[in-house]
Structure formats: C-alpha cells, structure tokens
Amino acid sequence: MSPARFPPHFTKTDHRQRSLEQMRSKQLGLEKYIYLNGLKGRDSDLFYDILLENMQEMIPILYTPTVGEACVNYSHIWRRPEGLYVSIEDKGHIRDVLATWPNFNDGRIAVVTDGSRILGLGDLGANGLPISLGKLDLYIAGAGIKPSSTVPICLDLGTNTQRYLDDPLYIGVRRTRPLGPEMDEFMDEFMEAMKEVFPTLLVQFEDFSTDNAFKYLERYRNKYRVFNDDIQGTGSVILSGFTNAARLSSAASGLPASDHKILFLGAGSAGIGVAKQLLSFFTLSGLSPEEARSRIYTVDSKGLVTADRKGLQEHKKFFARTDYDGPVLTNLIEIINYVKPTALLGLSTIRNAFNEEVVKAMCALNPRPIIFPLSNPVALSELDYQEAIEWSNGKVIFASGSPYKPVSHNGVVYEPGQGNNMYIFPGIGFGSILSRTRHVSDAMVEQAAIALANSMTEDEKAAELVYPRLERIRDISAQVAFAVIRQAQKEKLDENPYLRTLPDPDLLGLIHDKMWQPPLLQLRSLTRL
C-alpha cells in the first residue's frame, strides 16, 4: 500500500497499543473475537505479536470460552474465507479440494473438525471452523509453529441440528449427517488425500462426536500421522495435573499414591480418554494394569456404569464395574459414599453438578479432596472456583477446564489450576513435526504428561499449584516437545536422524531456536539487546 495512504505521523505512534485499546473497548467477548479475527486478516504479524505478549488476556477470547460463542454464531459473523471446507458433496474428488490450499507444500499441521460435538455445545455443523482456527492460533502462540504451515479444516458433513438447517444464513450443506459406510468411505478418502497432498503433515482431530472420535483415532492412528486432542491431549494434561494434585493430597492424608480412587462424572470421549490416560498414574505407582483399572469409576446420565447394564455403549465397557451387584446407583452423593473417592473429575457438561453437598461429601472423606470440574465452557462447568473454595474452606485441590480468577478466602489468596490442553498439544505437535514421527504413540503422550508435571518451578510448587503458570508456555512446550522427540526415537518412530546426534542441551536449544516469532517481536527483542 502506498505510504501516502497512511496519516503523516502514523509511524510515530504505537499501533500495537492502539489495536489493544480497540479490542479492550469492546464490551462483549464475541465482539472482541470478531475484532481480533479482523486484525488477523489485515495484519497477521501484528495479531500474533500482540497475542504472544498478552496471552492471558487473549487466549480466553480466541479459544475457550469465547470460541464456543463464535462457533454457535459463525454463520452470522462470517466475514471472509479463513480455513478449508471439505464437504460431503466433494466425495470422489477430495484430493482436488485439498490441493486448492495455498502453499500446501508448507503444511505441517492441520486441525480437523466435523463440528459434531463442539465444546459440549452439540452439533454445530459447518459453524465448527473457529475451533480449528483457534486451536491453531494456540499452536502458534504456545509452540512457535509457523502460521503458514498450519491448515484449519472443517469437514462439512451436514448437521442434525434443525435450527441450523432452517437458518437461511447457515453456511453449510443442508442435510443430516451421514451414517455408517457413507461416513467411513468419506473419512478413508479424506485421510488418504491428506497424505497425498500434505505428505509431511500431522493431523489433529478435534470435537468429533464421541463414537466417531474413538472410532477414527483407532482406525487411522497406526496408518497416518494423527492424534485426537479430545482423547489423548485432554488425558495427558489431566494426568499431569492429577500427578501434582495427588502429591499434595497424599501429603495431607498420608495415603500412598497407589491407593487413590478416581470418580468420573461423564463417560463420553473426553471422560473415557482422560480415564484411560490416568491408568498411567497407577501403573507408574506400581500397580498392574488390572489393578489400575479397578481404581477408576465412571458415572453417566444413567448412574454408576456397570457391566450388567443393557445396551451399554462400546467405549464405556472398559471401565464398567463388575464388582457391584446392588441396586442401580444414580444419585451422585450415594455414588460418592459407595466409592469413597479421593478425586472427583467432571467431564459431564452439566452446570453446577458438583453442588455444595457434593463438595462437602468429598471433604468428609478426604483432608484435601481433588476436584477437577473440566467441562468447557464456563457455562457448562460442574463447579465454580469461588464456591469450591468457600464450601471446602480452602481445602480443595482444584483444576478446571476453563479459566478462573484467583479467590480470596479468610485472608488467603488461592490460585486456581486450569487443565488447559494448551499445556500439552502444542508441544506434542511441535515435537512430532520436528522428529517427523510416523505415528503418535501412547508412550509419547504419556511422556508429554510427565514432562509437563516436571516443568513446575520451585515458586510454583511452593504456591501448591498443580499446573505451571501459562506465561511460561513456550518454555513448557519446549520441554514437552523434547520428551516427545526422545520417546519417538526410543520407539524408532522418528524420521529425522539428525536429532538423534544431539546431546540433550543442544536438542532443547534447537527446539527453542525453531520456534517462530512474529517479525515485530523479533525486532523489539533485538532492539532491547
């Protein structure tokens, strides 16, 4: 653009500060989202420069909780093409559609959603694209993945939500979702086309319906570079937080790590995915796989999940209890009194499911109960932090799925933990990209969790936090990526032999060096030097 188009003294002002003031002048989260979305379209370097220096403020806008509102309303707030839509109507020539992506040779990571289960908000169809956009912004901010190497994709497969089919502004195909063979054939063609068009790309599945999330992870995980953040990423970040929480709880109770019991409210893809990942906590504590499984209980809308229930969904069978033969338990208090858990985890999307009676029941059983209400967004959280602190008199060890502010109670300031997948998935993605791993193994995800748990500073430990502070995200992501790379090498899944030659300090240094920085931030860093 010609310099004459700019005000004569524009360069003497701070446009970063101007942009921040413009964002902060918006009253509603959705308005801020729309503004930032426009800024990214106009000047992506400025957008990422501001994001990296204001992550605590901007991440809740670009991702949960505000991104949920953006998805619900996306057909009405759409401004410009942002990602790649692959429609059920493209079946038979999906490769041609993928090849229209600009600079496809640079593609290294894609976040792919079909919009069928967005953040517990239900089937949003083609409105789900912002979840892919937001997730990739977090890859860029959290691990320094280069923006031009990211590919946001929404699979437009229809929707079963009638209000969208009736909405004249709905941007997706107007049909109900495909079932069975039609869906499988589409997904098989899509994944093979992705490998052909983007041969070095890692695919992250995001917010597929519960059954399809498990189904397609198992179908493709040993054939393509693919992982599912809802199942593996969520499980990994909660394993890390739970490891630190169990240490604090055991210090208060004297209970050995292997004696903890975990009760899950919610047995969908996220709940079962987290539960399976937490098996590692017990096996690392010396239990056998069967003994580890016996320490985990699951509850769904019908009550305690037991193996004798008729019509039990396949993914729920793994943790279904075989040691209970009494009357059906449906009341959460009754279930807590039966199980006597040390930890209560919520992935139910039931607002206020952990009420005062539930919190006090957990406190009656444990000197320091572990309570993780993990459902997103805040409007679906099982328990708010203020109430958790008040009802437990500060005893609760807390981590949530959405962000909360610190709480003051009886003269003490309590800092909440957030089981934010951003602690894990950027490092898993970056480590997988750098190592050129053929697959993302369970052991790689487990090592990512251990690296996160071990990334706490002495100050963070003294504050009894269960997660490190998010402002250190790039350092945390580097440690996670390092662990992922070394595990890929151990399993001989890596295809970058050069990294094998590097001593640990040099590999960690290389990871930091490979992290992308916006040009404006690079310039300011050099100026400070």
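What volume does the largest cavity have? About 70 Å³, and the views below look inside this predicted model.

View 1. Rolling a probe the size of a water molecule over the atoms shows where empty space is left. Searching the whole structure turns up 2 cavities of 30 Å³ or more. Here a cavity is a set of points, on a 1 Å grid over the protein atoms alone, where a 1.4 Å probe fits but cannot get out. Its volume is the space filled by probe spheres set on the points, with grid points joined across faces, edges and corners.

**View 2. Around the largest cavity.** Its lining residues (those with an atom within 4 Å of a point) include Tyr 33, Phe 47, Leu 133 and Asp 137. Two elements, α2 (29-42) and α8 (129-143), each give two or more residues to this lining; helices are DSSP runs (H or I, at least four residues), numbered from the N terminus. The largest share, 4 residues, comes from α2.

**View 3. Around the second largest cavity.** About 50 Å³ of space sits here. Tyr 33, Ile 34, Asn 37, Tyr 74, Ile 77, Arg 79 and Glu 82 form the lining. The elements giving two or more residues are α2 and α6 (74-77), and α2 brings the largest share, 3 residues.

**Notes.** Residues are numbered from 1 along each chain as its sequence is written, and side-chain values use heavy atoms, leaving out hydrogens and water. Local features need pLDDT of at least 70 and side-chain atom pairs count only at pLDDT 80 or more, while totals for chains, interfaces and linings use all residues.

Technical notes
On a 1 Å grid over the protein atoms alone, a cavity is a set of points where a 1.4 Å probe fits but cannot get out, and a pocket is an open set with protein on both sides within 12 Å along at least five of seven lines; lining residues have an atom within 4 Å of a point.
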